[in-house]
Each structure stands twice: as structure tokens, then as C-alpha cells.
Amino acid sequence: MPTICMIVWNEFVNDARVLKEAQTLQATGHQVVVHALHTPGVTQARETLDGGVKVVRVARSPLWKLRKRKHIDASKNTAASREDKTPQPQKPTTPPPETLTRQLLKLVARLWTHAGLAIQLLRSRPAVIHAHDVNVLPTAWLAAKLARVPLVYDAHEISTDREGYKAFRGLVGWIEKKLMPKAAGTITTTDARAKFFARAYGIPRPLVLQNRPRLVKVEGSNRIREELGLSEPWPIVLYQGGLQPGRGLPRLVEVAKQVPEAYFVFIGGGRQTAELHQLAADLGLTDRVHFISTVPLAELPSYTASADIGVQPIENTCLNHFTTDSNKLFEYVIAGLPVVASQLPEISKVVRHHDLGLLVPPGDTEALADAIRTLVQGPGMRKRYRANAEKAAQSLNWETQEASLLELYHRVLGNEATQEPAAR
């Protein structure tokens, strides 16, 4: 049984794309091992998931025990000071700049983690190494070189022009230009991104595997309404996904002020969590704007299906956003939700082709408010878009893409048989 080793730079807890690819390959008779990051006390160092996919995790830093102990001691001191009612100095609102020593320690810790991941990859005796995104590409390439096995590179994003990556743009471009042509197979998420990589690095156009969910039938429920204790029969406007800059989320909170008789619910977490909570409070919207922390992947469809409208207000802040089609868009479709989404090329192509909802210019708050208000006040329109989404779900699901992934692996593995996945 050939072993396929995947590598990610996350804890592999809520990475839906990687999990689906791993499950598809595992179901064809391969042994898939996902190598990820380990946070002691939060994740398991080793585990086997349902279906047989194995997970091997490496600690983020050799100093995690010391950091954890400091955190515990700090918590005890805080609790003791509260009991003594001793006034404590206020923490600065912005952290002090990192010292050179601290930056060097972080670099050493990261290199140590990459070395650990490479060692674990080699110990797994892989037939193929599959790198998910550029931050693990050098490690995967080195391990593949040492193991003398093919490399598959799965570029989920355009990291040379992406939110939060501007400082590393040159380095990322250099790494991909050097290593992407060396991969035996390449994958990305949209047609626009496939064209970009082909032109930028002079490679054959990568295989496109959109971030579609599995086709699951979830009956409509009141899960969100019951969990949040929503008393009014108003429509629920849902955003699910990372609460990150560039996704239009502060504007969405502001829009709630202009769309009465509707609840706005955010599911997920991220850097903007505190900011969005505060904005909702400042605008006096805490009775209609609600937040649910990140939920397990297996439970997410039941939350999505209990909403009435799905919103994707991503902004055109970088090429990565411009070329996205968004996993949440497909999640709304599978759940049968009408959508309001930004009028970006790949998103527009999906929404228009299947007539799934309303498109608005990215960054236009008034247009976003008008579109959401139209659907909130139009139950007949919501019913029509819901019927279209249920029909589109039959094609916009992960299962319709599995054969393409298997064909790529059949080519990469040469004469190794890659069969259809077993029915689940």
C-alpha cells in the first residue's frame, strides 16, 4: 500500500480541503498520513481519523513547555491579585516591538519545527509528498529530494499577493519560482489562479480543485435560533469563516444598522473578533448581531442550513481575493441558502451561472445593504434562489471533483493503480 504524506502548517483540526483530499486518496487503497503542527494540551501528537487517515503532529517550538508554564504562572498571579484586590497596571494597547533576540528565537523555533516535520515525513517512507501551500513547500521539496519520491504542490492561495503576506512577497515568489516547476503535479483552487501560476512560473496549468464541500443533505433546523435564543421570526443573515481583515466584515456589521428585522450571525474566529464585537456594541446592535465561535467541521452544515441568507462580502484588496471563489460560497450552496456576494470574477461566474443570489460591487456598503434588505424583505425571491441552490448542489460538490484528483495521482505514481474511492 503506497503511503501518501501530506504536510500542512496548521494543527489540522478544521482544514476541510486537506481532509477531503486525504479521505479521497485513503478510500482508493493508499495510506495517507497528514503531518501537521502540535499544540500540547490542545491536539494529539498522533491519531487515526475515521476512514484510516493518520495524523502525525510536531510541536511548534522546542520551548513550548516553558511558554506553557509561564502562561500558567501568569494566570495564577492574576487570580491572586484579584483576590487581594491589588490594582494592576493597564496593559499597553499595542505590543512593544520585538527585539532582535526574540525574532531570532522565533526563527530558530520555526526552523526546528520544519526540521521535525521533515524527519517525520522521511520516517513515514512516503511514495509521494503532498505540500499544502507555500509555507511548507521548501520542507516538502527537501524531504521529497531525500526520499527520492515525487512532490505534489497544492497552492490554496496566491501568496505573493495576499492579505498579511506583503512583507514576504519577494521570498514567496522566489520559492515558488524555484520549486513549483520541480513538482510532479500541481493543484490550485480556481481557474484564475491556475492561469496566474502557469504564466508566472512557466508551468503547465495546475489542476483546479475548487473548495467545495461534500454533498450532504441537512434538513432545515432551528439550530442557530435555539442556540442564540433568538425570539423574533426574522430571517438570519449568516457569514461563516475566518474573521480576518479584507473580508468586508466591519461593513457587514454596519449594514445591520440599515437592515432592521433581521439577525446577523458570524460563525468563526480570527484577528477581527474583538473588533467586530466592539463595533456591534458601539452601534447598539448586540440584540441583532451575534457571534458563534469556530465549530467542528462535522457540525458546520447544520448551522449553515439553519440560516436564511448567506453573505460573502470579501473586498478586492489583493490578487488573492480577486481570484477567489470562496469555500463559504459553496457551503451556502450545499445548505440551500440564497447568497449575497461580492462581484469578483470567480464568485460572479458561479453565482450567475446557477442564479444563486445577488452580486454587489466589493467595498460598496450601500449596495451590500440594499441587496441584503431585498432578500430579507423578499421571501418569494429567497424561495426561488433556494431552489436554484439545491439544484446547483448536485454539481458543485466535492464528489464531482474526486476523479480529477485520482487522475493526477495515477500520473504521478506512474504504474501504481489508483481506483475509484469506496462509497461512504
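Helix H1 is largely enclosed by the rest of the predicted structure, because eight of its eleven residues are buried (under 20% relative accessible area with a 1.4 Å probe, protein chains only; exposed is over 50%, partly exposed in between). Helices (H or I, at least four residues) and strands (E, at least two) are DSSP runs, numbered from the N terminus. The model is predicted: local features need pLDDT of at least 70, side-chain atom pairs count only at pLDDT 80 or more, and totals for chains, interfaces and linings use all residues. Residues are numbered from 1 along each chain as its sequence is written, and side-chain values use heavy atoms, with hydrogens and water left out.

The buried set of H1 comprises Arg17, Val18, Lys20, Glu21, Ala22, Thr24, Leu25 and Gln26. These residues pack against strands E1 (3-7), E2 (31-38), E5 (128-132), E6 (151-154) and E7 (185-188), and against H16. Contact here means heavy atoms within 4.5 Å.

The axes of H1 (residues 16-26) and H16 (residues 402-412) come within 10 Å and cross at roughly 65°. Axes are lines fitted to C-alpha atoms, for helices over the stretch in contact, and angles run from 0 to 180 degrees between N-to-C directions. H1 and H16 are therefore roughly perpendicular (65 to 115 degrees). Glu21, Thr24 and Leu25 of H1 meet Glu402, Leu405, Leu406 and Tyr409 of H16.

Helix H12 (residues 327-335) is also mostly covered, with eight of its nine residues buried. These are Lys328, Leu329, Phe330, Glu331, Tyr332, Val333, Ile334 and Ala335. Their cover includes strands E9 (236-240), E12 (309-312) and E13 (339-342). Helices H10 (300-304), H13 (345-354) and H15 (379-392) also contribute to that cover.

The largest nonpolar core has 63 residues. Such a core is a set of buried Ala, Val, Leu, Ile, Met, Phe, Trp, Tyr and Cys residues joined through side-chain atoms within 4.5 Å. Ile224, Phe264, Phe266, Ile267 and Ile372 touch the most other members. Helix H14 (residues 365-376) supplies the largest share of this core, seven residues. Leaving aside neighbours within four places in sequence, Ile372 contacts Val237, Leu252, Val255, Val259, Phe264, Ile309, Val311 and Val340. A second, separate core of 30 residues includes Val58, Leu137, Ala143 and Met180.

Across the chain, the secondary structure comes to 16 helices and 14 strands. Of the 424 residues, 50% count as buried. Among contacts between residues at least 6 apart in sequence, 69% join residues at least 24 apart.

Notes: Parallel < 35°, antiparallel > 145°, perpendicular 65-115°, else oblique.
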